[in-house]
Amino acid sequence: MEAKGKKYLKIVGILLVIFGIIGAIIYAIALFGGEAVLLLGTNTSAAGTLPFVLVFGAGLIWSILSIVSGIFGIKKCDKPGESVICFKLGCVLMALSLFSSIMGMWQQGLSVSGVCSLLFGLLLPILFCYGAVLNQKSVN
């Protein structure tokens with residue numbers, strides 16, 4: 001039985017791992033670096049405020065979950081019966097991306113870059129879910 005969504009899950013899974021690693025590094029530096037600046041008292045930036053922590057905390061969680069989801073997608077891409085977990089992980093990634101983008105736009109205001117960030121942030125999770133759905137349909 002050929003898994004119809006195999007290519008989607010494998011390619012998007014690889015991209016999720018790559019972008020997840022890059023994002024985890026960037027968000028960790030922003031989150032913990034911003035907190036260090038706040039603790040040193042050398043800057044009166046937005047670091048440490050609730051929106052800052054929510055945006056970068058959600059981004060860090062998204063990045064880690066992205067790595068995990070990508071690994072699941074790569075390993076489970078040829079097993080259509082196990083695509084439900086990939087679909088659920090993709091939905092969680094979409095929700096976190098949506099939350100992070102909305103919080104970012106709330107903090108910085110509505111802008112073209114915020115809308116683009118939202119759309120591009122949702123693209124990979126949507127394709128990941130689509131691959132999982134195709135795999136699930138190949139079981140039935």
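Which elements of the protein chain have the lowest and the highest mean pLDDT? In this predicted model, the lowest value belongs to helix H1, residues 6-40, with a mean of 82. The highest is that of helix H4, which spans residues 112-139 and has a mean of 87. For the protein chain as a whole, the mean pLDDT is 82, and a value of 70 or more is reached by 84% of the residues. Where pLDDT is low, the predicted coordinates should not be read in detail.

The secondary structure consists of 4 helices and 0 strands. Along the sequence, the elements follow one another in the pattern α-α-α-α. The protein chain has 140 residues, of which 40% are classed as buried. When contacts between residues at least 6 apart in sequence are considered, 83% of them link residues at least 24 apart.

Helix H3 covers residues 83-108 and packs against H4. The axes of H3 and H4 lie 8 Å apart and form an angle of about 170 degrees. Angles over 145 degrees count as roughly antiparallel, and H3 and H4 are therefore roughly antiparallel to each other.

Notes: Residues numbered from 1 in each chain as written. Predicted model: local features only at pLDDT ≥ 70, side-chain atom pairs only at ≥ 80, totals over all residues. Heavy atoms only, no water. Helix = DSSP H or I, 4+ residues; strand = E, 2+ residues; numbered from the N terminus. Buried < 20%, exposed > 50% of the residue type's maximum accessible area, 1.4 Å probe, protein only. Contact = heavy atoms within 4.5 Å. pLDDT = per-residue confidence, 0-100. Axes fitted to C-alpha atoms, helices over the stretch in contact; angles between N-to-C directions. Parallel < 35°, antiparallel > 145°, perpendicular 65-115°, else oblique.
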